[in-house]
Each structure stands twice: as structure tokens, then as C-alpha cells.
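Please open the model in a viewer and keep the selection tool at hand.

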Amino acid sequence: MDLSAWDFKQNKRIKLDGEWQFYWNQLLTPEDFKAAKPVPSTYMQVPSRWNGKAINGKRLPAHGSATYRMVLRNVPIHGIFALKKTNIRFSSSVYVAGHKLFEDGQPSTNAAAYRPGNVPQTGLFASDQNDIEIIVQVANYDYINAGIPISIYFGDQATMIADQQKSMAREFSILAILSILSFIYFICFATTIIYNMKDYTLLLSGIICLLFSLYHGLIGERPLLYFLSGIPFEVLYKIKDMSSIAAFIVVALFFYQVHKNMISFKLTLAVTVVLGSFLVMVPFLSIHVYTQIHSYIIVFYELMLVWLLLKAAILYVRSPDTSRFKSLLLFMSILTINLYSLDTILFALSVNENLLLGQLYIIVFNIIMIFLIVLRFFEAYHTIDAMKDRLLQLDKIKDDFLSNTSHELKTPLNAIVNITDSLLKGVEGPVNEKQAQNLAIVTGSGRRLTHLVNELLDYSKMKYGDITLVMSSVDLKASVDSVIRVHQYLLGGKQISLVNHIPAGVPSVYADSNRLIQILHNLIGNAVKYSDQGVVEVSAAVLGQRVEVHVRDTGIGIPAHLQDRIFDAYEQAAAASDTNPDGGTGLGLSITKKLVELHGGEIVVSSSPGVGSRFSFTLPLAGRASNQNVSPQAKETQPTDLHMPNMEYPLYIPGKIDEPILVVDDDYANLQSMINLFKLEGHSIVVVNRGQLALHELSRSSHFFLVILDMTMPDMSGYEVLKQIRERFTSFELPVLMLTARNRAADIKLCMENGANDFVGKPFAAEELMARVRSLTKLKASVKNARDAEIAFLRSQINPHFLFNALNSIAELCMDDPEQAEELTLQLSQYLRGSFDFKQLDSLTTLRKELELVEAYLHIEKARFGPRLHVEYDVDANLEIGIPPLVLQPIVENAIRHGLMSNFRGGTVKLSIKKATESWVNFTVEDDGSGIGDQKLQALLTPGAGSKGVGLWNISQRIKLLYGTNLIIESVEGTGTKVSFSIPAEPIKPTGG
């Protein structure tokens, strides 16, 4: 090749394509050409295969050896060059300028000494000659074609290395993309396993990406060989072919999982068997042998891919508009895998020099697969969401049916039981033995049916996993005691001893206390039911991190053939029918078993007929780490089709009876019915529809006689409102009547524990509601009378206390300054006329009048103490606002008497009255006197702390009763004291105004 015309600046890398000297069955070295001039067998085109070419009229076979030689003449530059060979099948040695540049495998003229190797390599060499000789030894005894099928490149060192780095970067990028996609798919599949929703398309997608990444790492530039250099080339070559075949098996499985109409199970099985059989053969056969079969395998999976492409096209044409996009994605994915397969075949046949298109196709294929999987996910999500809505609707219908049915059945059943029982007891006269027997059967059946109705809801909830446990530490012994005390009254004359043998030292258990009581009731009740006499005892023992509880009886026992099924629904009824005509409902023990299992325990039974039974169950200890959390209180839902009119709350409705009632409910129908009832009775009411509004009304006025409170409201629950009410008012100071649609024992208990005085179930009877209202308002009236007496007592303490001090001051002035004593006496007279008014004990005075009283008192004290007493005023508030009388003066008096005048130098009292907000005013009385010690400070607001602290305690009580705020005292001994409180900035309006 003459390079004299080579424009090195424009093209620093060239292909050594052309006719090379070709020496068949000879492996020549540079020394052979120096010693003599071997005659070439022919000239061979590079790139090309030698097999099939004719020499002296004979076709060359694929297996054999040969030497290629080329001389580059008139090289225009000198320096360091590079030579790159990409694909020489199937082993080679390259000599440049008389030296071996690199070797791949071991070429040989005989198969025994030959070793395969075909890895892209780049070699560097220096040359300062005009002519460069290149000799390539090639041998092949494995592959189906041989020679130099891909161009050999020659060029400048920097350019060749840069091109090599770009090729490797591209190869590694493809490898990284496929590997990362595979990892993501595997993580997604693992997630579906965790949530018990296995999606095998994710697993198959991950395997496809993993196999194709392995395949691409072993072809082209073969980047994986950088990490697997110690593994023989033949092994890596087989791994390459095996990964390719395995990938197409998984592709068939993937499309079978995605759309079974595209590829049938039989065809998928055939593909798996054929390709899988070849896959198993590859490790045990030589490359020479299995490559003969490989061509047929390629044809087979290509036909499969073409079949999938045709089916996808038909599916797209026939698909409705709603699934047209999904069908298009499916078609595009199969098209790209077809194009990818075709490109890799052309590369294997040396038609393509690189895999750029194939790499692009496999990336696009995976992107489309991601779209398909995401689309399937959203379709599944949409389906599940629709099913969820439907299930919620059905569940609501089921719950409503069970609830309504149970409530509807309770009333007639209760009537049947009560009437039959009264007849049995002779209310209409004595009954004969036969009648008594029949009536007893009716009574027993009615009671069992009533019990069954009560258990239906629990059983349904447990069956569908709707039960939520409120877990806490529970005293097991105390729980058993409470259940046994109840059953003592239910023995019905049976000679049975109920014994609690649980030792006092047994640790607490981690359980739902209500459900634990239910378990114990069921087991002890079952033991009592099937025992006529003897003992029912409960014992317990600690076993590791659990407590095992035993309930043993000496009753009739359980037949052996029923012991394995006694906890199944209705099986205990069958057992009862065999042994006791008064059998159970068939649900109690089944519910008990499910409750125990919900606590993480187990329950078993051992029994001998005629001897008795022993039920044993386990519960976790309270100290054990638990994954169960206390569940929030379930929100009540009361479906209604009533339209709520736009009304402004609160509503003030005055009445003849001046005992205001606060009504709180978010249901318009309930509110309107109560408004009508209270109007008929003549009650004054304030109506609100939110819990926060109720609290606001209570902060504005403390004169309510009763709060009627709905348990469920949208902004805050009735429990929350009740809790905040009880933080300010006791159950006697402000009674609360709860309204609840769930009048079960647990709800009643919760209301009472949170401080409710009474409850009414919804829908309520008017007579029952008004009877409870009258009872609670009478309670409030009694408490109000007692509180009025208390306030009168408090004021009676304050007034003489001030009067005593004022008269002492006047007496001292009578001797020294009679005129000033006269003036002070007149001021005191005016002051007393305004302060001794006991007609309305809770009436308010104005801030102006209260300040006049304070000034009168200070005038007297200044006359007594002279320059030792200084007073500063800082008043920035409306002087007409309402304030309880005799609040400021006692605080100022305490500041002077016990703060300033306890030392000789006296001091300053600062009275500050300022608006905190538009609706509140802050009052502060501060002195720089001797201060108060910590122990005395804590005792000041405690009743009975001594005469010196009575005034402040009384004021604190009055402010708390009227406004719900507290008196705050801050003091540092030796520095001074600050007393502050806050009251509303507006006069308290009368209720209903």
C-alpha cells in the first residue's frame, strides 16, 4: 500500500483494506522473508473470509492456517504509530517492522497445538523508516468461517488511543445501562414479593437485561474481559453464546406473561425446550461442534421473533381504541428485538463492523418494556382502586345491614325473652309443667339468639380483619377478678366455685383490655355453661416472653372427635347439641380464638368427657417489644341525605327559663329537632355545629347550665371537646350530656371516663332527652347556689380585711392631721357604698370604678406611709370594660403591705393595664419590694395557706371560675414581685342577647 498521498493532517487513521499477500498453510515470520522471498499462494482481500476462496482451482476450507502480509510504502511521517485489529478468526499473531506486536490465542498449523483467541487489541510501535512491513499469522480450527473479516486500522498513536477509549466508553455505557435496569427490575420484583403480589414480568425483565448485558460485555470490544482476564477464551466464548440463547428463551416467557394471545403456551414450551436443550449442550461440546448446530438455532429463534411480530401487528390492528397505545408499545418492543437480533447476526457474519445499531435497539427495547410495565402498573392500580371503591361500598352495605339487623332484632327479642320470662314466673297465673317447659325453651332460645346478634358484628369484623386492637399494659389478675365477680351473679343457682388462682406476682400483659375481658368472659362463660357443679378456676404462668393462661372446669367435657374443630364457627354448637340441650350460639369460641391470635398468641383445648376441659391461651408480656400500635379512635359516620342550609353559627335562642344550654352537633336534623324541643320547654339555648365554636362560647361565658355534645364532629371529636371542658370545669360546675350513635358499652365507658355526666343514644327519644336535661340542669343549679355562697364567703373575707386596714390608717391620722382624716373618712364611706353589694354576687363593675377604689385605698396608704410609698400608673385600655369587683385592690394591697413596707426604705408599685389583643386585656401589679421565697410562693395560691395568702387565692379562684384563666405570680427574693392576669376586653353579654 503506497501511503505517499496520505493526508495525515486530515485523516490520522486509515483502514488497511486491499489485497494482501496470502500464504496458505504457512505461518511465516519476518525472518522467513529476510532469508528468502516466499511466493504467495494468492492475494487475499482484507476484510474477507478465506473459506470458499479458490487457490489453484481448489476451495479453501474454514479450518486451517495462513499468513497475511502487507508493506506500507512511502510512510510520510516518522514516530509512534498504532495498529488495531478487531476481529481475526480465530487466533492470530501480528508482526510489525520485524517485531511481534501482539498475539491472540496461539496460531498453529495443526489443531493440537492451536489455541483460540479473538479479542480486539491495539498495539503501539515506533518507526523511522519509509516502509513498514505487517505480517499477520491466522489459524482457525473452531469457527465456521476464518480469515480477517473486519478491517485492520493503522494510524497516529494519539488518534488510535482516543478512538479506542471512545469505543470502550460506549461499550461500558451499554453494559452499565443494562445492568442498572436489571438491578431496578429485581428490586421491584422483590418489593412485589414483600407485599405478596408477585409480578413475574419484572423478574423476567431483570433477567433479560442481565443476560443481554453479559452478552454485550463479551462481544464487540469485549469490555468484560478486562475483569475476567484469567478465564480461558473458550469458556468466555461459550458463556457469550449461552447468554444470547438464554435471553431469547426469557424473551418468549416475557411476552407469554405480558399477553398470552401473542404466543401460546405450547409454542412457549417448544421454544423453551429447543433453545434450552441447545443451552445444555453448549458447555459439553467444543466450539467446533456446537457452532455447526448454532446456525439452525438462530434460524429457529428468528422465526419465533418474526411470529411474535406478526401477532403483535394483528393485535394492534384488532385492538379497541382504549388499548391501542398498549398494543403499539407491544409491537414496537417486538420490532426492536427483531432488529436487534438481525444486527447481531450481521455482526457475527462480519457484515457490520460494529454494534452501534444493535446497542441502540436493545436500549429502546428496554425503554419500551419499562413503559409497558408502568402501564400495567397503572392499569392494575386503576382496577384495584375501582375494586376498592366497590368493596368499600359493599363493606358499608354489609356493616349497615348487620348493624341495622342486630338493632332491629334486639327489641323484639328482648320483648320475647321478658314476656316469656314473666309468664314463666306466673304473671298471668300459674302454668303447668308442660307449659313451663315450653316457655323455658322459648326463653333459652331467645337469649341465645340475642347473644348471637351481639356476636355477629364482632365475628364479621374479625373474619375480614376489621378489628383494631388498642394495646396497653393490662393487669391480668385484676381483669380475671372483674370477670369472675360478674359471673358470680350469673350462676343461676349452680353449685360452682369460681376461683382466681393467678398469683399476685404475674407481670402485666400487653393486650387490648376490652378484648381481653371479652376473651375471659367467653371462656369462663363457656365453662359455667357446661358445668352443673364443681370448680371453674383460672391460673397463669410465665413462659419466656409470654404468659400462658388456663381456664379449667369440671364440667361435661368435649368429645374427642370435636376437640380439633371446637374453635371453628358453629362447631361448638354441634358439640353442645350432643351433650347439652341448651347449647351455645356457635360463635363464642371462634371469636375467642381470633381475638387471641390478633394478640399474637395461641389457644388450645384439652378435655376428657365427664371429667372437664381446660382452655389454654398465651399473651405477650407488657415489657416485650411489640410492633402493634394503639389505633386512633374510629371516626363515626352518619350518612344522611338531608341538605344542610347555609346558617351562621352560633345561634342565640332566648327562652323563659334563664338556664342557658349549649347545644353542639354537626347534624342539622338533630340540631333542628333539639331546637324545637327546647323552644317548647322554654329553655334559652346557644347552638353551634363545631367543637371549636363550642369552646369559644365557653370562653366568652361561663354561665351555661349544660352542654349537649355530639361525639363526632368534623373539626374535633366530642372526646377532645369534653377533655378541654373538663380542664376548666368539673362535672358539677358544668354538666355534659353526650350524644352518640354507637351506644355500645365501650362507647359509654369512654364517655364516662372522659368526664361526661350522662349520654343519650342517637336517634334519641324526646322524652328521654328532656328527662336527662332536666336532671342535669338541676344538678348545675344546685352547684351554682353552692358556688354563689362560696363567692359571697370570699368577698366577705376581702371586705372586712380592707376595712380593718383602712380604719387603722384613719385612726392614725386623727391625731396628726384631723382634716385629712375627715377627707379619708368621706372617701372610705363612698368606697364602702360601692363595694358592699351582695345582691348580684357575679355582677361586674367597670374598670373605671375599680380604679377609683384602688385610688381611694392608695390615698389612705399614702397618708400613712408618706414618701416611702410611690405609685406609677400605666393604663391603656377602655375604662368601661367589665371587671369583677375587688380584684385589683387586694393585689395592690398585698404589694404594699407584704412587698414594700416589709422593709424600711419602702418602694414603688407599678399598676399596668394594657390591651393584649382586641379581645383581651392584661393586668399587672409589680413592686420592687422584698420579694417572696420559693416555698412561700408555692403556698400563696393554695387554700388554707394562712391569712396573708387568702386574698390572692380568693382572687385566683374568682378569675378561674369566671374566665378560665389563672393568676400568675413571679417573684425574686430581694428584688420584687409581679402579679398578672388577663380578662376579656368586653363586658360579658347575657346569654341569648
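Predicted model: local features only at pLDDT ≥ 70, side-chain atom pairs only at ≥ 80, totals over all residues.

Residues are numbered from 1 along each chain as its sequence is written, and side-chain values use heavy atoms, with hydrogens and water left out.

**Helix α2**

Select residues 157-194, which form helix α2. Helices (H or I, at least four residues) and strands (E, at least two) are DSSP runs, numbered from the N terminus. The 38 residues of α2 reach 55 Å from first C-alpha to last, close to the expected 56 Å; the expected span is 1.5 Å times one less than the number of residues. After α2 comes asparagine 196, with a positive phi near 55 degrees.

**Asparagine 140**

Next, select asparagine 140 in strand β12 (residues 132-140). Its relative accessibility is 0%, so asparagine 140 counts as buried (under 20% relative accessible area, with a 1.4 Å probe and protein chains only; exposed is over 50%, and partly exposed lies in between). The side chain of asparagine 140 reaches the backbone oxygen of alanine 62 at 3.0 Å.

**Aromatic pairs**

The structure holds 24 aromatic pairs. Rings of Phe, Tyr and Trp (its six-membered ring) pair if their centres lie within 6.5 Å; planes under 30 degrees apart count as stacked, over 60 as edge-to-face and the rest as tilted. Select phenylalanine 81 and phenylalanine 154: their ring centres are 5.2 Å apart and their planes at 25 degrees, so this pair is stacked. Phenylalanine 81 lies in β8 (residues 79-85) and phenylalanine 154 in β14 (residues 152-156), so the pair ties together parts 73 residues apart in sequence. Phenylalanine 81 counts as buried at 1% relative accessibility, as does phenylalanine 154 at 0%.

**The open sheet**

Finally, select the open sheet of 5 strands, ordered β16-β18-β19-β21-β20 with mixed pairing. Its edge strands, β16 (495-500) and β20 (603-608), each pair on one side only. Two strands pair if DSSP finds at least two bridges between them. Strands β19 (residues 546-553) and β21 (residues 612-620) pair in the antiparallel sense over 8 bridges. Glutamate 548 stands opposite threonine 618 in β21.

Definitions and conventions
Polar contact = N/O pair within 3.5 Å; in protein donor to acceptor, adjacent residues only side chain to side chain.
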